[in-house]
Amino acid sequence: MTTIAEVPESMRCSVLRAAGELEVQERPVPRPGPREVLVRVAAVGTCGSDVHYFRHGRIGDFVLREPMVLGHEPSGLIVGVGEGVDAGRIGERVSLEPGVPCRRCRYCHTGAYNLCPDMVFFATPPVDGAFAEYVTIADDFAHPVPEHVSDDAAALLEPLSVALWANHRAGTGVGSRVLVAGAGPIGLLVAQVAAVQGAAEIVVSDPDPARAALARDLGATDVVAPGADVSGVDAFVDCSGVPAAVLGGLPAVRPGGAAVLVGMGADEMTLPVSMLQSREITLTGTFRYANTWPTAVRLAATGAVDLDRLVTGHVDLDHVGDALSPDASQVKVVVRP
């Protein structure tokens, strides 16, 4: 392993021991294996999935069975490289794509590596995440970012990738009419990406006045209360996970349009199947993303998408619990280890 001189032997990390129970622990600094890099973590965004694990100890079939480090939206600085990696990458600022696929299965070979059954994804049991001072990752999943992109923005390329993938699944393009349910971080980014891709109308629904105002500032052409009468949209993207929002948004989709479920909510819900059939509405979900980082870096670097505007607070490793118990005024809290 080749490293810069100041890499210590041990590091601090925030460990989820059980639902609602966090502990800061001292652990050895990991060593990068072949084709891996060692990254000193600069910033990690907190996500709804982190909150879900913290509150419930599980998300669907992914169950916390042993202590785990949360956090899967990291940026940082390469401070060490393993065998086969150019030592010239040491000192490079990077955004980490937190899921490394097997590279051998049918999904990886066809480019849909987000569906790889052997994906190793940060903060998904039993894999540790990035609420730590150092992490290792495959060198090609540590994406360089320009110097003028902040550490926070580099971390938020991960939720931006979720938004890019949601718009891809929705078929958003020039002239599209889009309805987005939920003005949380993902909903705000879905709206921004839709605008970049040429959508003519972007309606965001959210009950919170502050988030509604932020949605307007970030490109929504209209903001409405949940349940408002909206119709004839090409795509409906639910970023709330609230069953009522899903059921309220589906009738807004025109015949032949698309509905994309992004938000984490109920494991099951009753849907208007006859309406989906008679209108030939394409209903789909999203699971992570694939091949999005080059576009995400470009959007952040050019200012086409504003990521720093989403950040409403920062905490250190000793206060991760505060970030995972946010109040309604917070949009995105970033951990700085």
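Start by selecting helix 5: the elements covering its buried residues include helix 4 (157-170), strand 14 (177-181), strand 15, helix 6 (209-217), strand 17 (233-238) and strand 21 (332-335). Contact here means heavy atoms within 4.5 Å. Helices (H or I, at least four residues) and strands (E, at least two) are DSSP runs, numbered from the N terminus.

This is a predicted model, in which local features need pLDDT of at least 70 and side-chain atom pairs count only at pLDDT 80 or more, while totals for chains, interfaces and linings use all residues. Residues are numbered from 1 along each chain as its sequence is written, and side-chain values use heavy atoms, with hydrogens and water left out.

**Helix 5 and what follows**

Stay on helix 5, where 9 of the 12 residues are buried. Buried means under 20% relative accessible area, exposed means over 50%, and partly exposed is in between (1.4 Å probe, protein chains only). Colour P185, G187, L188, L189, V190, A191, Q192, V193 and A194 to see the buried residues of this helix. The end C-alpha atoms of helix 5 are 17 Å apart, which agrees with the 16 Å that its 12 residues should span at 1.5 Å a residue. That expected span is 1.5 Å times one less than the number of residues.

Next select Q197, in the loop between helix 5 (185-196) and strand 15 (201-205). Q197 counts as partly exposed because its relative accessibility is 28%. Leaving aside residues up to four places away in sequence, Q197 touches L164, N167, T172, G173 and V174. Draw a distance from the C-alpha atom of Q197 to that of V233: the two are separated by 16 Å and are 36 residues apart along the chain. Then pick G198, which follows helix 5 and has a positive phi, near 95°.

**Two annotated spans**

Select residues 33-147, which UniProt lists, in an unreviewed entry, as "domain: Alcohol dehydrogenase-like N-terminal". UniProt positions are given in the numbering used here, feature names are shortened, and annotations may be inferred rather than shown by experiment. Over residues 33-147 the chain is 11% helix and 35% strand, with its end C-alpha atoms 27 Å apart.

**Helix 1**

Go to helix 1 (residues 48-56), where S49, D50, V51, Y53 and F54 are the buried residues. G57 follows helix 1 and has a positive phi, near 75°.

**Salt bridges**

Side chains of opposite charge can pair when their charged atoms come close. A salt bridge is a side-chain nitrogen of Lys or Arg within 4 Å of a carboxyl oxygen of Asp or Glu. How many salt bridges are counted by this rule? The count comes to 13.

Show the side chains of R17 and E23, which meet in a salt bridge at 3.7 Å, N to O.

Move to D151 and R93, a salt bridge whose closest N and O atoms are 2.9 Å apart. This pair links distant parts of the chain, with D151 in helix 3 (residues 151-155) and R93 in strand 9 (residues 93-96), 58 residues apart. Is R93 buried or exposed? R93 is buried, with a relative accessible area of 13%, whereas D151 is partly exposed at 31%.

Then select D234 and R254, a salt bridge with its closest N and O atoms 2.5 Å apart. D234 lies in strand 17 and R254 in strand 18 (residues 253-261), so the pair ties together parts that are 20 residues apart in sequence. R254 is partly exposed, with a relative accessible area of 32%.

**Backbone details**

Most residues other than glycine have a negative phi, and most peptide bonds are trans. Select P125 and P126, which are joined by a cis peptide bond with omega about 5°. P126 sits in the loop between strand 11 and strand 12 (134-138).

E280 is not a glycine, yet has a positive phi of about 50°. Find E280 in the loop between helix 8 (273-279) and strand 19 (282-285); with a relative accessible area of 63%, E280 is exposed.

End at N291, which is not a glycine and has a positive phi of about 60°. N291 lies in the loop between strand 19 and helix 9 (293-302), and N291 is exposed, with a relative accessible area of 53%.
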